[in-house]
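Today I opened the notebook to look up aromatic contacts. Here is the structure I worked from.

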Amino acid sequence: MQYSDKILTLEESNTLAISALAQSLKKSGKEIINLSTGEPDFDTPQAIKESAIKAINEGFSKYTAVSGILELKQAISQKLSRENSLSYSPNEIIVSNGAKHSLFNAFGAVLNAGDEVLIPSPYWVSYPEIAKYNQAIPIFLPTAQENNFKITPNQLRDALTPRTKLLILNSPSNPTGSLYSKEELEALGEVLKGSNVWVISDEIYEKLTYSDGFVSLASLSQDLLERTITINGLSKSTAMTGWRMGYLASKDKTLIKAINNLQGNSTSNINSFTQMASITALSPALEGEIETMRGEFERRRDFAFAKCSSIPSLSLNLPDGAFYLFINIQKLKRFDGDSMRFCKALLEEQGVALVPGVAFGVDGFVRMSFATSLEILERGFEKIAKFVED
Ligand SMILES: Cc1ncc(COP(=O)(O)O)c(C=O)c1O
């Protein structure tokens with residue numbers, strides 16, 4: 001039997017080896033402290049659940065418009081205007097099955113075989129895979145801890161070629177938690193002026209920031225508004241990972257129509273009652289509850305950062321957003337910067353699960369999620385401290 005070339009380019013996630021080991025150790029009765037997950041540990045707010053239940057009870061269970069019901073797209077349009085100074089009308093918005101699906105649609109709509117996609121590294125695991133699936137070429141822009149894992153305008157300028165089609169920006173970032181300032185984004189935008197390069201701005205961690213610095217890329221200039229595909233969703237902000245709701249917005253009518261066709265011929269609309277629940281999730285009435293969760297994440301960030309900083313053989317930057325610490329393990333001679341070996345040994349010897357940096361394209365670092373209770377974090381750090389001291 002033969003398979004498509006592009007499907008065979010997709011790689012198994014580097015994180016799977018660690019999850020499989022964690023599961024088998026757990027089965028054998030070992031206590032596992034899982035600090036590897038990328039999702040809030042909070043339950044979805046009650047009002048959101050009730051909207052979904054109401055929709056089901058009222059029989060709102062049929063196909064809807066492919067890109068989402070008008071009321072939901074209106075709610076997104078209002079959210080983008082109210083919170084992000086972005087003016088997108090409902091017909092410039094497409095709702096999909098999570099931000100991952102929105103990214104998949106956006107990549108598919110702009111990429112041809114051989115196009116170059118600029119991806120700052122470390123990166124979120126799916127960006128290069130989706131690029132490769134579209135037979136495009138991921139070009140990694142390495143960043144440094146000293147520069148808070150951000151690319152510079154010069155670096156972007158040097159990376160541009162006639163084949164560059166797309167730049168991915170993810171601020172706040174998974175895995176580093178770094179947040180680009182307005183000035184930094186404007187400077188990157190200046191470099192792109194006059195080019196035909198699209199930008200995907202993945203703003204999924206927007207609500208989880210610990211300073212006032214978040215700005216939406218497309219709000220910074222007319223030029224950026226036109227070239228940017230803004231992507232967001234409810235998974236991280238509203239503790240709704242399993243509901244599968246994401247969206248993209250673009251001023252480009254041809255792009256929106258193309259993505260509508262792509263989605264219409266693949267998944268169609270996202271499930272109808274999630275759409276009703278999402279209207280509630282996006283309403284100003286939910287702001288208090290979202291802020292409570294954000295405040296709790298900030299407390300955990302401060303706690304985890306202080307704990308980690310007190311271990312001399314580890315180094316890290318204070319993350320401005322998301323819910324991860326990106327920890328430098330290079331001082332530990334035993335591992336010689338091998339993040340996979342570090343994570344396997346930590347799991348086997350102390351039962352703590354972290355994600356190796358190599359999964360995000362850089363070795364010498366590991367990612368720890370602080371989307372868990374202070375008690376679990378405390379226990380995790382006790383074990384990590386013991387591990388690195390041994
Ligand atoms: C940077 C980034 N973008 C997108 C996603 C996808 O989120 P979802 O598909 O749940 O909306 C994630 C999830 O981990 C992420 O970390």
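My entries on ring pairs and charges over rings follow.

I worked on a predicted model, where local features need pLDDT of at least 70, side-chain atom pairs count only at pLDDT 80 or more, and totals for chains, interfaces and linings use all residues. Residues are numbered from 1 along each chain as its sequence is written, and side-chain values use heavy atoms, with hydrogens and water left out.

**Ring pairs.** I searched the whole structure and got 16 aromatic pairs (rings of Phe, Tyr and Trp, the last by its six-membered ring, with centres within 6.5 Å; planes under 30 degrees apart are stacked, over 60 edge-to-face, the rest tilted). I looked up Y210 and F370: their ring centres are 6.4 Å apart and the planes stand at 50 degrees, so this pair is tilted. Y210 sits in the loop between β6 (198-202) and α9 (222-227), while F370, 160 residues away, is in the loop between β13 (365-369) and α14 (374-389) (helices are DSSP runs of H or I, at least four residues, and strands of E, at least two, numbered from the N terminus).

**Burial.** I found Y210 buried at 9% relative accessible area and F370 buried at 0% (buried is under 20%, with a 1.4 Å probe and protein chains only).

**A stacked pair.** Next I noted F326 and F365, stacked at 5.0 Å centre to centre with 5 degrees between the planes. F326 belongs to strand β10 (residues 324-328) and F365 to strand β13, 39 residues apart. Both are buried.

**A cluster.** I also listed one aromatic cluster, made of F42, Y205, F297, F323 and Y324.

**Charges over rings.** K6 lies over the face of Y133, 4.7 Å from the ring centre (NZ of Lys or CZ of Arg must be within 6 Å of the centre and within 35 degrees of the ring normal). I found the charged end of K150 over the ring of Y180, 5.8 Å from its centre.

Note on methods. Buried < 20%, exposed > 50% of the residue type's maximum accessible area, 1.4 Å probe, protein only.
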